[in-house]
Structure formats: C-alpha cells, structure tokens
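Here is a friendly walk through one structure. Keep the sequence and the 3D view open beside you as you read.

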Amino acid sequence: MVTYNLIGAGLIVIGAGIGLGQIGGKAMEGIARQPEAAGKIQTAMIIIAALLEGLAFGALFLGK
Amino acid sequence: MKIAQKTVKFLTIVVLALFTTVGYALESDTKYDSSNDGGRVNTKTEVEEYILHHLKDSHDFSLWSYTSVEGERKHVGFPLPVILWSSNGLVTFMSSEFHHNDDGHVIVEKNGLKFVKIHSKIHELDQEAATVSSDETHHATNAHKVLDFSITKSVVGILLIGFLLLFWFSRLAKQYKTKQVPTGFARVLEPLVLYVRDEIAKPNIGEKHYRRFTGYLLTVFFFIWVLNLVGLTPLGFNVTGQIAVTACLAIFTLVIYTFSGNKDYWMHMIWMPGVPVLFRPILAVIELIGALIIKPFSLLVRLFANISAGHIVIMSLIAIMFTLKESLGVVGATGLSLVLSFFILLIEILVAFLQAYIFTMLSALFIGMAVAEHSEAH
Amino acid sequence: METLLNDFSPGLFAVSTILLLALIALMVKFAWKPILNSLEERETGISNALAAAENARKEMQNLNADNERLLKEARAEREAMMKDARHISDSMIAEAKEDAKEVTSALIEKAQASIQQEKQAALAELKKYVAELSIGIAETVIKKELSSKKDQLALVEEILKEVTLN
C-alpha cells in the first residue's frame with residue numbers, strides 16, 4: 001500500500017520535473033532570443049511553474 | 001534612523017519579555033520519558049517524530065528542551081491558554097497542565113470532562129473511559145476531537161506579526177503626513193509597497209480596478225512573507241505551514257474573486273460563448289470546478305507544501321548531526337550538517353519571498369480574470 | 001488527502017479567519033489607504049512639476065527666439081537708417097557742390113561781362129578823348145595854316161610834344 005503510494009509520488013515528481021524543465025528551458029531560450037522581454041518571460045514562467053506545482057502537489061496530497 | 005532604533009528597541013523588548021517568561025516557565029517533566037537516554041532525540045525514528053511534531057501546531061511555546069543531569073526532561077518555554085468547545089460548552093485551562101505530554105497519557109479533568117492531547121490534537125475522552133485506548137494506527141478509539149480555539153503557537157505568531165505589520169506600516173503612513181520621502185526603516189518598506197502595487201496588482205488586475213484589491217494583496221503579501229521568514233528563525237513558528245492558515249488565505253482570495261466577478265466572467269464560466277451548445281454544460285462544470293475548487297486548493301496546498309517541505313529539509317539536514325555521528329564522527333557530521341543546512345537555509349529565504357510573491361501574484365491574476373472586461377468574443 | 005484533512009484544524013481555521021479579517025481591515029484603514037493615497041499624490045505632484053518645468057523651458061525658448069528676432073529686426077532697421085542717411089548726405093553734398101559750381105561760374109561770367117563793359121567804356125572814352133584831341137590839333141593847325149609852312153610844322157611839332165607829354 002505504502003509502496004504504491006510512493007511509486008505514484010515518484011511518477012508525479014517525474015512528470016512535474018519534466019514539465020518544470022520544459023518551462024525553465026523554454027523560458028531561458030526565450031530570454032536568450034529576446035533579452036529585452038526577460039521580465040515578462042520571467043513572470044509568465046513563474047506563474048506557469050506555480051500552476052504546475054499546484055497540480056503536482058494536489059496529486060501528491062490526493063494520493064497520500 | 002530613529003524608526004529603525006525604535007524597531008530594534010521594540011524587538012528587544014519582545015525578546016526580553018519572552019525570556020523573562022521563560023524563566024518562570026522552566027518546569028521539569030518526568031512523565032514524558034521512560035527510555036534510558038532521557039528523551040534525547042538521537043535515532044532516525046526519533047528525528048522523524050520530532051520533525052513531524054514540529055510541523056504541527058503546538059499548544060505551548062517551547063523554545064528548546066534539554067535533559068538534566070538527573071535524567072529529567074526539561075522544557076524551556078511558556079504555556080499558552082487552551083480554549084475548547086467541548087460537549088459541555090466552553091472549557092479553558094493552561095497548556096502546562098498537559099506537562100508536554102503528546103501521546104494521551106496525561107489526562108486533564110475540567111468541567112467533568114477528561115481531555116488528552118494526542119499528536120498535538122486535543123481529544124475529549126468518552127464518559128466511561130479512564131485511559132486512552134488506541135488501535136494499531138494510533139487513532140484513539142474511545143476519544144474524539146473537540147473544536148479547539150486555543151491560542152496556539154500559530155495564533156501567537158499571527159498576532160505578533162499582525163501587530164508588527166500594523167506598527168511598521170502605520171509608521172510609514174504617518175511619515176507621509178510630514179514629509180515626501182520616508183526616512184529610516186520606512187524607506188525600506190516603501191519600495192516593497194510600490195513593488196507589490198506596480199509589479200503585482202497593476203499588471204494583473206488592470207489599471208482600472210486594481211485600487212480596490214491592492215490593500216488585500218499588500219496585506220497578504222507581507223503577512224505570508226514575514227511569517228515565512230519568521231518560520232526560518234529558531235523561534236520555530238510554522239504558521240504558513242499550517243493548512244488551516246493557508247486554507248483561510250486561499251478562501252479569502254476565492255471569496256474576493258467570486259464576489260467581484262463581473263457579467264463577462266460568469267458568462268464565460270457558465271455559458272461559454274463561441275462553443276457548440278452541446279459542449280457548454282460540460283465546459284461549465286469544468287470551469288466551475290476549476291474556479292471554485294482547483295484554484296483555491298492549489299493556492300493553499302502550494303504554500304502549505306512548500307513551507308512544510310522547507311522545514312522538513314532544513315530539520316533533516318540539521319539532524320544529520322546526530323544520525324551520521326557514528327559513520328562520520330562528531331566533527332564530520334556537524335560540519336556536513338552545517339554546510340548543507342546553511343545553503344538550504346539561503347534557498348529557503350528565497351523561497352520565503354517566492355511563495356509570498358506567487359500567492360499574491362496568483363491571487364491578483366485570479367481577481368484580474370474575474371474583473372477583466374472582454375471586448376472580443378473568444 | 002487523509003493526512004491533509006487530519007492536519008486541518010477547524011478551530012485554528014476559525015481563529016485565523018477572524019484574526020486575518022481584523023488584520024486586513026486594520027491594515028487597509030490605518031496603513032494602505034493613507035500610504036497609497038500619499039504615494040499617488042506624490043506621483044501626480046512629481047509629474048505635474050515635470051510638466052511645469054517642461055512648459056517653463058518651452059516658454060523660455062520662445063522668449064529667447066522672440067528676443068533674437070527683435071534684435072535682428074532692430075539691427076536691420078538701423079542698417080537701413082544708416083544707409084538712408086548716407087544716401088541723403090551724399091546727395092546733399094553733391095547738390096551743394098553743383099550749386100556752388102553754378103554760383104561761381106555765374107559770378108565769373110558776371111565779372112567777365114563787367115570787365116568787358118569797363119574795357120568798352122574805357123575804350124570809348126579814349127576814342128572820344130583822341131577825337132577831341134585830334135579835333136583840337138586840327139583846329140590849331142587850321143588856325144596857323146595861313147602863316148607859313150615853317151610855322152605850321154613847328155606848331156605840329158609842338159603839339160605832338162604836348163601830346164606825348166600828356
């Protein structure tokens with residue numbers, strides 16, 4: 001029972017990690033391409049990362 | 001300069017007040033411990049238990065505890081009032097009556113009712129029961145939880161920070177009456193206020209409506225930020241890691257954006273224009289669940305989980321000092337633990353700001369979505 | 001979910017709701033409203049001052065331009081006046097010269113005419129005198145003709161001597 005929960009948590013973390021990596025990487029690319037838009041990109045990045053984080057935490061706690 | 005000095009004075013007085021109370025609050029407690037090492041937190045399971053205990057709200061303000069030469073467990077701190085709404089009405093007593101017991105062995109009798117504290121929750125024993133009996137998952141079988149309005153450590157934290165914020169910002173407000181540019185500590189606060197107004201409220205809510213919500217956003221931002229930072233001090237507050245507190249904040253945001261939503265907002269939520277009529281009810285269900293449950297839930301869980309995780313990580317890294325003592329030696333374990341916990345603490349200071357920022361930002365974003373005026377159909 | 005619900009304390013939720021409501025109300029009343037109002041006031045004050053400074057600068061520029069224009073006009077006028085004056089004086093001098101020339105030539109002419117006249121008058125008088133003289137000589141010659149030739153000649157000689165003596 002506990003093991004299944006842990007496997008689920010691991011899957012969630014893997015998914016969230018991939019998502020966060022995508023967000024961060026694309027944001028970096030965007031900033032490198034257009035340094036003058038860095039502020040806007042950063043804000044959007046943080047918001048999207050926060051939404052993803054909320055999703056991941058929600059899933060983690062639902063499973064626990 | 002003057003203000004800063006006064007603030008320092010104020011803080012010193014608070015700390016001194018704490019410590020004078022501590023002097024009277026020194027109490028010995030032999031009942032707590034039965035193992036032979038005098039209740040020291042040494043092993044891995046003890047560390048885990050200690051961390052989990054810290055993450056919960058506590059009914060007394062304990063700063064630290066130690067074991068005296070005689071093997072007695074002593075706690076330094078002061079008790080806080082316990083206020084319960086039991087089956088017999090309101091019951092109050094001081095938390096010192098539990099003698100720091102947390103597993104239901106100490107029974108406090110008030111108003112003809114028996115109370116025990118199990119894992120930081122106060123339970124009321126059933127009438128005929130004399131002691132707590134629990135099942136294998138440590139849930140009491142003959143006791144039930146009561147409504148607990150106690151002045152717990154978190155409540156003390158909220159009160160303390162509330163007064164501090166009021167003190168700081170009413171000072172800043174008063175300074176504007178006499179001069180254009182604030183001096184002293186208020187000069188630090190002014191850019192923060194401007195930051196929240198110009199970077200969070202204005203761009204997310206919009207030039208037209210932001211004024212109505214800036215007060216709420218500013219309060220929430222500073223409340224969360226200062227409490228996050230206080231949580232990193234050895235005072236051991238964990239207010240923003242209490243799910244009740246974050247739920248309260250999230251529900252405030254929910255109430256605000258639900259009640260300030262304009263016609264367009266509700267129209268888009270309940271009867272989405274520009275979508276085949278068949279899909280509209282499905283979309284309405286999704287939108288309603290998203291707005292009323294998922295948004296506040298993600299807000300409350302994010303803050304709670306981030307702060308709890310930070311506390312767990314820091315305390316675990318500090319615990320390396322004890323758990324790796326055998327394999328690394330005293331110096332090695334202590335050094336490793338200090339280095340690691342120092343860097344994680346730096347990250348946590350960033351996280352403290354970031355979580356306050358994100359909570360305020362997302363609140364502003366949700367409010368902005370509710371009050372935005374759509375000119376085009378999409 | 002279970003642990004989450006287990007951790008949730010309704011009592012703490014109620015207490016923190018009340019405290020937070022009070023905190024938000026107090027902060028809005030005693031801190032945020034005055035702070036935001038005075039910040040806004042200050043911002044509008046600053047932008048007004050900036051606009052006023054800009055206006056003053058523009059006005060100053062206008063004034064400067066006006067001054068320059070006036071100066072230029074004055075200079076041009078002065079030059080024109082100088083030119084006029086020079087012209088007038090030149091023409092006056094020229095006129096005066098002409099006049100003077102005319103007057104002098106007239107004078108000279110007059111003088112020459114009067115000299116001529118005087119000369120004529122003098123010549124006429126001389127002629128008259130010569131005529132009278134010759135008549136006198138003839139008279140005397142005629143008076144003495146009858147006496148002798150010799151006397152006659154002597155007489156003529158005498159008269160001629162007298163004439164030259166005159």
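## Two polar contacts in chain B

A polar contact is a pair of N or O atoms within 3.5 Å; within protein, one must be able to donate a hydrogen and the other to accept it. Keep in mind that what you see is a predicted model. In chain B, the side chains of Gln355(B) and Asn306(B) are joined by a polar contact of 3.3 Å. Gln355(B) is found in helix α9, which covers residues 325-371 of chain B. Is Gln355(B) buried or exposed? With a relative accessible area of 4%, Gln355(B) falls under the 20% limit, so it counts as buried. Leaving aside residues up to four places away in sequence, Gln355(B) touches Glu53(A), and also Asn228(B), Arg302(B), Leu303(B), Asn306(B) and Ile307(B).

Now look for Thr240(B), in the loop between α5 (210-231) and α6 (243-259) of chain B. Thr240(B) is buried, with a relative accessible area of 1%. Which side chain does Thr240(B) join in a polar contact of 2.6 Å? The partner is Asn228(B), a residue that Gln355(B) touches too. Beyond residues up to four places away in sequence, the contacts of Thr240(B) include Ile224(B), Leu227(B), Thr246(B) and Phe304(B). Leu303(B) and Ile307(B) are among the residues touched by Thr240(B), and both are also on the contact list of Gln355(B).

## Strands in chain B

Strands of a sheet pair through backbone hydrogen bonds, either parallel or antiparallel. One open sheet in chain B has three strands in the order β5-β4-β10, with antiparallel pairing. Which strands are at the edges? They are β5 (89-94) and β10 (147-148) of chain B, each pairing on one side only. Strand β4 (residues 81-86) of chain B is joined to β5(B) by six bridges. To see the two strands face each other, find Trp85(B), which stands opposite Leu90(B) in β5(B).

Strand β7 (residues 113-118) of chain B runs antiparallel to β8(B), with four bridges between them.

## Aromatic rings and charges

A pair of aromatic rings is described by the distance of the centres and the angle of the planes. How many aromatic pairs does the structure hold over all chains? There are 19. One of them is the tilted pair of Tyr195(B) and Tyr357(B), at 6.3 Å centre to centre and with 35° between the planes. Tyr195(B) lies in helix α4 (residues 186-205) of chain B and Tyr357(B) in helix α9 of chain B, so this pair ties together parts that are 162 residues apart in sequence. Tyr195(B) is partly exposed at 29% relative accessibility, whereas Tyr357(B) is buried at 7%. The rings of Phe342(B) and Phe343(B) have centres 5.3 Å apart and planes at 70°, so they form an edge-to-face pair. Phe342(B) is partly exposed, with a relative accessible area of 47%, and Phe343(B) is partly exposed with 48%.

One aromatic cluster includes Tyr195(B) and Tyr357(B) together with Phe169(B), Phe221(B), Phe222(B), Trp225(B), Phe353(B) and Trp32(C). Charges sit over rings as well: Lys153(B) lies over the face of Phe61(B), 5.0 Å from the ring centre. In chain C, the charged end of Lys29(C) sits over the ring of Phe30(C), 4.8 Å from its centre.

## Helical spans from the record

For chain A, an unreviewed UniProt entry lists residues 6-23 and 44-63 under "transmembrane region". In the model, residues 6-23 of chain A are 100% helix, with end C-alpha atoms 25 Å apart. Residues 44-63 of chain A are 100% helix too, and their end C-alpha atoms lie 29 Å apart.

For chain C, an unreviewed UniProt entry lists residues 36-84 as "coiled-coil region". That span of chain C is 100% helix and 0% strand, and its end C-alpha atoms lie 71 Å apart.

Conventions: Residues numbered from 1 in each chain as written. Chains lettered and ligands numbered in written order. Predicted model: local features only at pLDDT ≥ 70, side-chain atom pairs only at ≥ 80, totals over all residues. Heavy atoms only, no water. UniProt positions renumbered as here; feature names shortened; annotations may be inferred. Buried < 20%, exposed > 50% of the residue type's maximum accessible area, 1.4 Å probe, protein only. Contact = heavy atoms within 4.5 Å. Pairing = 2+ DSSP bridges. Phe/Tyr/Trp six-rings, centres within 6.5 Å; stacked < 30°, edge-to-face > 60°. Lys NZ or Arg CZ within 6 Å of the ring centre and 35° of its normal.
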